[in-house]
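Hi,

Here's the structure I said I'd pass along. Have a look first, and my notes follow below.

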Amino acid sequence: MLEYDLSNLPLKFGNIKWAVTSFKLFKSPGPDQISSVQLQKAGNTTLNWLHEIFGKILKTGRIPPTWFQSKITFIPKAGKPSHTSAKDFRPISVSSFMLKTLERLISLHLKASIDPRLMSESQHAYRKGRSTDTALHTLLHKEYTLIAFLDIEGAFNNVTPAAITGALLRLGIDTGS
């Protein structure tokens, strides 16, 4: 089991229902073969069951490691003269809807907990009324624009938990530690 301190996260039945119904109905299931349509069509019995499971996870801070498994399909990239090396394919990973639902609940909590005044005016992700469209609109209506694209391979996989915790503390999120 992987351990996280999520004990201060409020768990509301309505939020679980929102998280479950926020997925498109016929998205591919992860390795556990639980699909979004199964979760959505199962009704209140499943929501009660998820409330109990997520409550236990938040109380113990332990997420089942099988939820972190992914099913990966390699799609050939368009415009490549051949498909003979790994870089000629785009990996598409499908993970557990159980984990995705928990992630949406945590994201909902973070969005509600972070004081918007602590975020940069340039921040468009995770802000109400802002999106990639508003970011592009802002960018295109400047007199001068300089764009730099940076793709750091494995950036998320290599960030330290201490760096994430520090950033959350600076945003006023109680880490429970």
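Helices (H or I, at least four residues) and strands (E, at least two) are DSSP runs, numbered from the N terminus.

This is a predicted model, where local features need pLDDT of at least 70, side-chain atom pairs count only at pLDDT 80 or more, and totals for chains, interfaces and linings use all residues. Residues are numbered from 1 along each chain as its sequence is written, and side-chain values use heavy atoms, leaving out hydrogens and water.

Overall, the protein has seven helices and four strands, in the order β-α-α-α-β-β-β-α-α-α-α from the N terminus.

Now the packing: helix α3 (residues 44–60) meets helix α4 (residues 97–113) at an angle of about 70°, and their axes are 12 Å apart. That makes α3 and α4 roughly perpendicular (65 to 115 degrees).

Over in helix α1 (residues 13–21) you'll find T21. T21 is partly exposed, at 45% relative accessibility (the class between buried, under 20%, and exposed, over 50%, with a 1.4 Å probe and protein chains only). Its C-alpha atom is 6.0 Å from that of Q40, although T21 and Q40 are 19 residues apart along the chain.

Last one: F156 belongs to helix α6 (residues 155–158) and is exposed, with a relative accessible area of 69%. As for the whole protein, buried residues account for 23% of its 177 residues.

Cheers

Technical notes. Axes are lines fitted to C-alpha atoms, for helices over the stretch in contact, and angles run from 0 to 180 degrees between N-to-C directions. Angles under 35 degrees count as roughly parallel, over 145 as roughly antiparallel, 65 to 115 as roughly perpendicular and the rest as oblique.
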